[in-house]
Amino acid sequence: MGIHNVEAGGAAIPSLGFGTWAARDDECRQAVAWALESGYRHIDTASAYGNEEAVGQGMRAASVPRDEIFLTTKVGPDDIDEGNLERSAEASLKRLGVEQVDLLLIHWPNPKIPMRRSIGALCKARRRGLTRHIGISNFPVSSFAEAVARADAPIVANQCEYHPRLDQSRLIATCRASGTAFTSYCPLGRAGDILAEPAVTAIAARHAKTPAQVLLRWQVQQPGVVAIPKSANRERIAENIAIFDFTLAADEMQALFGLASPDGRIVSPSFGPAWDK
């Protein structure tokens, strides 16, 4: 049993990807190469991460054909207006060393730029062949609905924070109803606090798996959900992908859903949107 794809708007997105946030230079190059050698076929980056060049180098260092890799990058919120978005995407392609990405996302909504212009520019980037598919990131329900309505091509993914401490059931249901994949960043939380939860460690012991493997399995076992964990450790990179040889029971899934907390959100910058309640 290997990684399954999440089908959304004509895209086949590997349900487990490799995140690269905060990884730079040699560390990033090596981690991407290790990930591809370990079996990952979905790599996620962003212009804001400052590592697209290293990601591209890591991809070329691995013996995996480009057409087997689902590559995602993102345009920052200050660059999503007409003209600017295309220039940002072109710069990303140059840094990555590829002719097009598989998925181009608006990294954050920007209330100062009307969505008719930002989504219009995103669709234009797709028509120009800069990306095969388009999507968004950090869009709550109301913004998501407007983005879908204004796009002339499928919004294939909405990438947002998600882990057992953060209830995203309403947003995930909205994405499913639109045929959009939900990609989760920070799937393991931060600083390992969720990994030490008794409910998590008990399930891990039952399956002879690590707590991180249990949390990732919980994510990809949910219909339409894609997880993109990040690591720079070779053993952990390989460990994180070894989650397709076991299944969580319904009561185990519910136990993890039960860890949701009203203050569970980790990423909430001052420029972020009004989150769903």
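I began with the lining of the largest pocket: 17 nonpolar, 12 polar and 5 charged residues. Here Ala, Val, Leu, Ile, Met, Phe, Trp, Tyr, Cys and Pro count as nonpolar, Asp, Glu, Lys and Arg as charged, and the others, Gly among them, as polar.

A note on the source: this is a predicted model, where local features need pLDDT of at least 70, side-chain atom pairs count only at pLDDT 80 or more, and totals for chains, interfaces and linings use all residues. Residues are numbered from 1 along each chain as its sequence is written, and side-chain values use heavy atoms, without hydrogens and water.

Which residues lie nearest the centre of the largest pocket? I found Trp21, Tyr185, Cys186, Arg190 and Lys230, out of 34 lining residues. The elements giving two or more residues to this lining are α8 and α9 (helices are DSSP runs of H or I, at least four residues, numbered from the N terminus).

Trp218 and Leu216 are among them. The cover over the buried residues of α8 includes α7, α9 and α10.

Next I looked up Leu16. Leaving aside neighbours within four places in sequence, Leu16 is in contact (heavy atoms within 4.5 Å) with residues including Leu216 and Val220, so I was back at α8, whose buried residues include both.

Definitions and conventions:
Buried means under 20% relative accessible area, exposed over 50%, partly exposed in between (1.4 Å probe, protein chains only). On a 1 Å grid over the protein atoms alone, a cavity is a set of points where a 1.4 Å probe fits but cannot get out, and a pocket is an open set with protein on both sides within 12 Å along at least five of seven lines; lining residues have an atom within 4 Å of a point.
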